Amino acid sequence: MKIENPWKQNPWFESVAVAQERARRRLPRPVYGALVAGSERGQSAQSNQTAFAEIGFAPHVAGQLPDRDQRTTVMGQEVSLPVLISPTGVQAVHPEGEVAVAHAAAARGTLMGLSNFASKPIEEVVATGARTFFQMYWTGERDVMLQRMQRAADAGALGLIATLDWSFSMGRDWGSPEIPEKVDLKTMVRMAPKVATKPRWLYQFGRTGQIPDLTAPNLAPSGADGRLGPAPTFFGAYYEWMTTTPPSWEDVAWMREQWAQISGEKPFMLKGVCRIDDARRAVDAGVQAISVSNHGGNNLDGTPAAIRMVHPISSAVGDQIDVLMDGGIRRGSDVVKAVALGAKAVMIGRAYLWGLAANGQAGVENVLDVLRSGIDSALMGMGLSSVHELSPDQLLVPPDFHRALGAPRPAVLEA
Ligand SMILES: Cc1cc2nc3c(=O)[nH]c(=O)nc-3n(C[C@H](O)[C@H](O)[C@H](O)COP(=O)(O)O)c2cc1C
C-alpha cells in the first residue's frame, strides 16, 4: 500500500505572494535575487506595487450581476482576460522556462511575450500553440536586427514588442547576484554551496539532463547560408547591447516600418513609455500599442510607479492606440484598477516568474487563475458585468495620485 506523505504541500497557491514565498524557499539565492531585480535604491520597483494600495473601491451591498465578462481585444487578438505575459529574460528558474510559460498562456487564452534574452528559441515557444509577441531591444547592427525580425516573423510571431527603456543603471544597494559567464563543471563546483541547499530545484534539472542555460538563442547570428550560428552567452549579448548607439525617434519609426514590411503589417508595441510627449511621438512613429512601464523598476530608479502614469497617458493617446501598462501587478484588483484608469490590458512579469519557479506550467496557470478570480471579485463587488464598463470615477483615487510626465505646459497661465 502506498502511504501518502501527510506533510506534502498542496502545489496550488492562493495568491501571488504565496507563490513568491515558495519561489524564495525553492530557488538558489542568486537565482531568486535575479528575479527580485530592481535597480539602485529599489524605489521604483517597490512603489510599483505599493501605489496600487493607495487606490480603493466603493463596493455595492446588493444588486451584483451574475455574469461577468473579462474578454477583451489587444493588438487585434482576443484574450480571455486583460492580462498578458510580459517578456522577461530570465534563465534557470525552471528547466522548461519560456516553453512552460507559453503552454500556460495558451491554456489560459492569453498572449505570450518572449524576451530577446529568453533561454528558449522562438520556434520552440511558437510550437506550443501560444500566440507569441517577440520582444527586441535596440541591439546590434541594423542588418542583424532585420535578420532577427525576419526569424521571428518566419517562426510565426504575431507582433513585435520594442523595449527601449534601458539606461544600464544596475547598481543595487543590496548587491547583485552572481551570474556566471558559462555554466560548466568548474562553475557548478564553485557555486555548489549556494545550490546544494536547494535539492528540489536541482532535481528538476537533473531529471531533464540539462543544466541551466545561460545563452540567448534568439540572438544567434545567421550565417551566409541562412543557418543559425551558436547562441551568444548572456554577457556576449549584453555587451553587444551596451555598445549599440541608442535609438532616436527616427530609429523607432524605422524599426516599426521594417517590422510592418517583414511581417505583413503585424502590430508593433513600444514598451517602457512614461511620458505624454513620448506617447505622442510613439503615435507619430506609427506604433499600434504602448506599454506604460518603468521596466518593473529595473531601469532608472526614481521613475514613478507605472500605475500613476497610466491615466494621463491613456487620456492623451488612448483613442489612437492600445495603451497597456505593466509594473507591480500582483492581484486581480490591481488589474481592475489599471483598466479603470485607462489601460486596455496589463502585462505581468514577476508574478508569473514566481508561479513558474513554484510549480512550472501549472504554477503560471495558477497565477493567471488567481488574477482572473480577483478581477471577477472586483467586478462583482462593483456591480459590473464587464471589464469594458470600468472607468476612473468608480475608484477612490487620492488627490495628486497621477503623474503627468512630459505634459505640455499651458500656453497661458491663469491669473
Ligand atoms: C527578472 C526580470 C527580467 C526582465 N527581462 C525583460 C526583458 O528581457 N525584456 C523586457 O522587455 N522586459 C523585461 N523585464 C521587464 C518586464 O517585462 C516587465 O516590464 C516587468 O517585470 C513588470 O513589472 P512586474 O515584474 O512588477 O510585473 C524583466 C523583468 C524582470 C523582473
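## Helix H1 against helix H14

Let's start with two helices: H1, which covers residues 16-26, and H14, which covers residues 350-382. Their axes come within 10 Å and cross at roughly 170°. An angle over 145 degrees counts as roughly antiparallel, so H1 is roughly antiparallel to H14. Keep in mind, as you look at the picture, that this is a predicted model.

Which residues of H1 and H14 meet? From H1 come Val-16, Ala-19, Gln-20, Arg-22, Ala-23 and Arg-26. Facing them in H14 are Ala-351, Trp-354, Gly-355, Ala-357, Ala-358, Val-367 and Val-370. Sorted by class, this contact has 9 nonpolar, 2 polar and 2 charged residues.

## Helix H2 against helix H14

Now follow the chain to helix H2, residues 29-36. The axes of H2 and H14 also come within 10 Å, and they cross at roughly 160°. These two helices are therefore roughly antiparallel to each other.

On the H2 side, the contact is made by Tyr-32, Leu-35 and Val-36, while H14 brings Arg-350, Leu-353 and Trp-354. By class, that gives 5 nonpolar, no polar and 1 charged residues.

## Around the ligand

How many residues surround the ligand? There are 23, and the closest are Pro-87, Ser-115, Tyr-137, Thr-163 and Asp-326. The shell divides into 6 nonpolar, 13 polar and 4 charged residues.

Some side chains in the model have polar atoms facing nitrogen atoms of the ligand. For Gln-135, a polar side-chain atom lies 3.0 Å from a ligand nitrogen. Lys-271 has a side-chain N or O atom 3.0 Å from a nitrogen atom of the ligand. In His-295, a polar side-chain atom is 3.4 Å from a ligand nitrogen. On its own, the ligand has 600 Å² of accessible area, and the protein covers 95% of it.

Conventions
Residues are numbered from 1 along each chain as its sequence is written. This is a predicted model: local features need pLDDT of at least 70, side-chain atom pairs count only at pLDDT 80 or more; totals for chains, interfaces and linings use all residues. Side-chain values use heavy atoms; hydrogens and water are left out. Axes are lines fitted to C-alpha atoms, for helices over the stretch in contact, and angles run from 0 to 180 degrees between N-to-C directions. Helices (H or I, at least four residues) and strands (E, at least two) are DSSP runs, numbered from the N terminus. Angles under 35 degrees count as roughly parallel, over 145 as roughly antiparallel, 65 to 115 as roughly perpendicular and the rest as oblique. Contact means heavy atoms within 4.5 Å. Ala, Val, Leu, Ile, Met, Phe, Trp, Tyr, Cys and Pro count as nonpolar, Asp, Glu, Lys and Arg as charged, and the others, Gly among them, as polar. A residue is near a molecule or strand if one of its heavy atoms lies within 4 Å of it. A polar contact is a pair of N or O atoms within 3.5 Å; within protein, one must be able to donate a hydrogen and the other to accept it, and residues adjacent in sequence count only if both atoms are side-chain atoms. Accessible areas come from the Shrake-Rupley method with a 1.4 Å probe; for residues, only the protein chains shown count as cover.
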